[in-house]
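Open the model in your viewer and keep the sequence panel beside it. The tour moves from stop to stop; select each residue or element as it is named.

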Amino acid sequence: MIIQPRIKGFLCITSHPAGCARDVQNQIEHVKSVSGRGDGPKKVLIIGASGGYGLASRISAAFGYGAATVGVFFERPATGKRTASPGWYKTAAFTEAAKAEGLYAANINGDAFSQQIKDATCDIVERDLGQVDLVVYSLAAPARQLADGSVVRSALKPIGEPFEGKTIDFNTRELRDISLEAASPEEVQDTVKVMGGEDWELWIDALKARNLLAPGCITTNYTYLGSEVTWPIYHHGTIGRAKEDLDRAKVALVEPMAEVGGKAFIAVMKGLVTQAASAIPGMSIYLSLLFKAMKAAGSHEGCIEQTTRLFDTQLFGGEDLRLDEAGRIRMDELELAPEIQQYVADNWSAVSESNLDTLTDFDGYRHAFLELHGFDVAGTDYEADVDPEVAIELDAGSV
Ligand code: NAD
């Protein structure tokens, strides 16, 4: 069938298998062009492996260091005329490329919060790899089912005061006012439960209890701080509270990781268009301004540039770690460069429909959003008839 983007709000409900595959290939080529397969991770578990920073981490580890990877994700295959989710197609493409180079790749599709998926993942690591030397936790989930069967949801809301801001309508390019009520204490608590550090700790506990963490194993999790203009909705909002809990979890993981001679890190990554980020109110204006300034300065990066630089210079590169006062690795130094943030601050209130193309890089934002779903990827024939059904060899325990 011919697959076109169908956008509803901040969601694109279709995705293109060939475009997704080419996007993965482009990421692999980037890694191969900069990474030298030096000393680094060889057996890697990625939780949240099919999109954004998790997929990029998987590609950086596999194609930068020749690592065997186990990926855990929650994606949807195609059914009837409904295309699969982009992460499904991207995982299929990654797996094919990894296997073509003789690299081990196991895939587990299911709810990473569940004990069932943790156990199934541990079984596979034990059976095929023995132990892992890197655990990347890169989950971004809207909800979490707890052990008792109840479901808690994360909210993207301010705390204390309501938020008044603007967003760009993806289809019409109109600027729309958005206002959000302040989160209730329960919503704050629930967001921390979903996006905080507890599940990361549970994964490390589960792996450690079965002696699956190799001596010197590293675990890393990703956070975002961003620009002050986004703080009311991000850093000082419900999601910021969850990210504070990650800092708590990292400290709590120091001792268990030290018992295997390992370490826990949090890396502060750059703001980028991913499935998770596109749901954050107001982010479209910030990222459109940011991309304009960073592209003009020649410092713009995507997920794959970020994770590859993180691996090559910080986690495994032997360079001095660029840590902040809270002990986090800073990969957002180019985003937060004073001249970049000055541009964002100077133009934050001036963005209008008439200057979208001059003040901001909305086209670049739009491209990144489409590319996320396999559209607008150069070299893809969107007129060609494609089969939406693409198989992935899933490992035992997948749902
Ligand atoms: P994403 O939406 O691109 O990917 C999320 C991943 O989580 C996917 O692989 C998805 O399948 C998986 N997932 C979601 N729910 C799951 C579940 N219940 N079980 C198993 N897998 C599940 O997200 P992203 O933007 O790459 O975010 C990853 C991390 O990076 C998050 O902690 C996020 O806060 C952080 N981060 C993102 C940005 C950004 O701008 N996008 C910046 C800095 C840090």
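A residue counts as buried when its relative accessible area is under 20%, as exposed when over 50%, and as partly exposed in between. Keep in mind that this is a predicted model.

**Stop 1: glutamate 301**

Select glutamate 301, in the loop between helix H8 (283-297) and helix H9 (303-315). Is this residue buried or exposed? Its relative accessibility is 8%, so glutamate 301 counts as buried. Now show side chains. The side chain of glutamate 301 makes a polar contact with that of arginine 309, at 2.7 Å.

**Stop 2: the ligand**

Centre on the ligand. It is surrounded by 29 residues, and the closest are Ser50, Tyr53, Lys243, Leu272 and Thr274. Go on to leucine 272, where a backbone N or O atom sits 2.7 Å from a ligand oxygen. Then take phenylalanine 74, which has a polar backbone atom 3.1 Å from an oxygen atom of the ligand. Colour by element next. Helix H2 (52-65) and strand E11 (213-223) are the elements that give two or more residues to the shell. Colour by class and the shell shows 15 nonpolar, 10 polar and four charged residues.

**Stop 3: serine 227**

Follow the chain on from E11 to serine 227, in the loop between E11 and helix H7 (238-258). Serine 227 counts as buried because its relative accessibility is 3%. Its side chain makes a polar contact with the side chain of glutamine 341, at 2.8 Å. Beyond its neighbours within four places in sequence, serine 227 is in contact with Tyr286, Leu336, Gln341 and Val344. Now draw a C-alpha to C-alpha distance from serine 227 to leucine 290. It reads 9.6 Å, for two residues 63 apart in sequence.

**Stop 4: helix H4**

Select residues 115-129, helix H4. These 15 residues span 20 Å from first C-alpha to last, close to the 21 Å expected at 1.5 Å a residue. Which residues of H4 are buried? Pick Ile117, Lys118, Ala120, Thr121, Cys122, Ile124, Val125 and Leu129. Then show what they pack against: strands E3 (43-47), E4 (68-73), E5 (105-109) and E6 (132-137), along with helix H6 (198-209). Step off the end of H4 onto glycine 130, whose phi is positive, near 85 degrees.

**Stop 5: two positive phi values**

Most residues other than glycine have a negative phi. Arginine 173 has a positive phi of about 65 degrees. Find it in the loop between strand E9 (163-168) and strand E10 (175-180). At 26% relative accessibility, arginine 173 counts as partly exposed. Finish at aspartate 376, in the segment after helix H12 (362-372). Its phi is also positive, near 60 degrees. Aspartate 376 has 40% relative accessibility and therefore counts as partly exposed.

How values were computed: Residues are numbered from 1 along each chain as its sequence is written. This is a predicted model: local features need pLDDT of at least 70, side-chain atom pairs count only at pLDDT 80 or more; totals for chains, interfaces and linings use all residues. Side-chain values use heavy atoms; hydrogens and water are left out. A residue is near a molecule or strand if one of its heavy atoms lies within 4 Å of it. A polar contact is a pair of N or O atoms within 3.5 Å; within protein, one must be able to donate a hydrogen and the other to accept it, and residues adjacent in sequence count only if both atoms are side-chain atoms. Helices (H or I, at least four residues) and strands (E, at least two) are DSSP runs, numbered from the N terminus. Ala, Val, Leu, Ile, Met, Phe, Trp, Tyr, Cys and Pro count as nonpolar, Asp, Glu, Lys and Arg as charged, and the others, Gly among them, as polar. The expected span of a helix is 1.5 Å times one less than its number of residues. Buried means under 20% relative accessible area, exposed over 50%, partly exposed in between (1.4 Å probe, protein chains only). Contact means heavy atoms within 4.5 Å.
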